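Please read the points below beside the model, and check each of them against the coordinates as you go.

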Amino acid sequence: MPANELQPDQSYHSIVLQDAELGQSRVADLVVEHSLFEKVNLASGTWTAADFTEVLFNHCTLSNLDCSAARLTDTDFLRARATGLNFSDAKLRNVLFSGCKIDLSIFQDAQLTHCRFEDCDLREADFQRATLKQVVFRDCDLRGIRLGGATLADLDLRGAQIAGIQVDANELRGTKVDAHQISDFAPLLGVVIEPID
């Protein structure tokens, strides 16, 4: 379907958008199901309170896209360029981000359940006051991410770069880490690692 036919407050099923230019578009309360967005540019757009179910975003540009208060279920983002993506107050369930650049992104007050980030750049992402349940960050760059006030349950950080992560150490109870990450967590726990003389 032509990209310019997307309208606010409408529902779309099984649509395919490829090589579309939707930068700076404004669409609120959109519902999209069982669809494909491929090489679509949504940069600097405003898609607030959108509802995506079983949607694949493949090689899309989502930088500075405002998707606050969105609802995403069984949705995949592959190789997205999404610096500054805003998912504040959003609800994400069974969402996959793979090979994405989502540094400086905003997930404040969002709810993430059964989500997976694989090989993603999340440097300085903001997850303050978010709820993360059974979320995996596998082989991601998490340097400088902010998790202050977040609720964390069954978090998996194995293989991730976590230097400079900002989080209350008490919230990390039960988090899965690997042996190489222990030295990065030591400052959070007030532990000093020194060699034996």
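**Notes on the predicted model**

1. Cys60 has a relative accessible area of 1% and is therefore buried, where buried means under 20% relative accessible area, exposed over 50%, and partly exposed in between, with a 1.4 Å probe and protein chains only. The model is predicted, so local features need pLDDT of at least 70 and side-chain atom pairs count only at pLDDT 80 or more, while totals for chains, interfaces and linings use all residues. Residues are numbered from 1 along each chain as its sequence is written, and side-chain values use heavy atoms, with hydrogens and water left out.

2. How many disulfides does the structure hold? The count is zero, taking a disulfide as a pair of cysteine sulfur atoms within 2.5 Å. For Cys60 the closest cysteine sulfur is that of Cys100, at 9.6 Å, which is too far for a bond. Cys67 is likewise to be counted as buried, because its relative accessibility is 3%.

3. Arg81 lies in the loop between β6 and β7 and, with a relative accessibility of 53%, counts as exposed. Its C-alpha atom is separated by 6.5 Å from that of Cys60, although the two residues are 21 residues apart along the chain. Once neighbours within four places in sequence are left aside, Arg81 is in contact with Cys60, Thr61, Leu62, Ser63 and Lys101, contact meaning heavy atoms within 4.5 Å. With Thr61 the side chain of Arg81 also makes a polar contact of 2.8 Å; the term denotes a pair of N or O atoms within 3.5 Å, of which, within protein, one must be able to donate a hydrogen and the other to accept it, and residues adjacent in sequence count only if both atoms are side-chain atoms.

4. As to the strands, β3 (residues 31-38) and β4 (residues 51-58) run parallel and are joined by seven bridges, with Ser35 having Val55 as its bridge partner in β4. Helices (H or I, at least four residues) and strands (E, at least two) are DSSP runs numbered from the N terminus, and two strands pair if DSSP finds at least two bridges between them. Strand β4 also pairs in the parallel sense with β5 (residues 71-73) over three bridges, and there Phe52 has Leu72 as its partner. A further parallel pairing over three bridges links β4 to β6 (residues 76-78), where Asn58 stands opposite Leu78.

5. Which residues touch the most other members of the largest nonpolar core? Of its 60 residues, they are Trp47, Phe87, Phe117, Leu122 and Phe137; such a core is a set of buried Ala, Val, Leu, Ile, Met, Phe, Trp, Tyr and Cys residues joined through side-chain atoms within 4.5 Å. Strands β3 and β4 each supply at least two residues of this core, and β4 gives the most to it, with three residues.

6. The aromatic pairs number 17, on the rule that rings of Phe, Tyr and Trp (its six-membered ring) pair if their centres lie within 6.5 Å, with planes under 30 degrees apart counted as stacked, over 60 as edge-to-face and the rest as tilted. Phe77 and Phe87 form an edge-to-face pair, because their ring centres are 6.3 Å apart and their planes stand at 70 degrees. This pair links distant parts of the chain, with Phe77 in strand β6 and Phe87 in the loop between β6 and β7 (91-93), ten residues apart. Phe77 counts as buried at 3% relative accessibility, and Phe87 counts as buried at 1%.

7. Phe97 and Phe117 form a stacked pair, at 4.7 Å centre to centre and with 5 degrees between the planes. Phe97 belongs to strand β8 (residues 96-98) and Phe117 to strand β10 (residues 116-118), so that distant parts of the chain, 20 residues apart, are linked. Both Phe97 and Phe117 are buried. One aromatic cluster includes Phe77, Phe87, Phe97 and Phe117, with Trp47 also among its members.

8. Where is Asp156 found? Asp156 is in the loop between β13 (151-153) and α1 (182-189), and its relative accessible area of 6% makes it buried. A polar contact of 2.6 Å joins its side chain to that of Arg158. Apart from neighbours within four places in sequence, the contacts of Asp156 are Val135, Val136, Phe137, Arg138 and Lys176.
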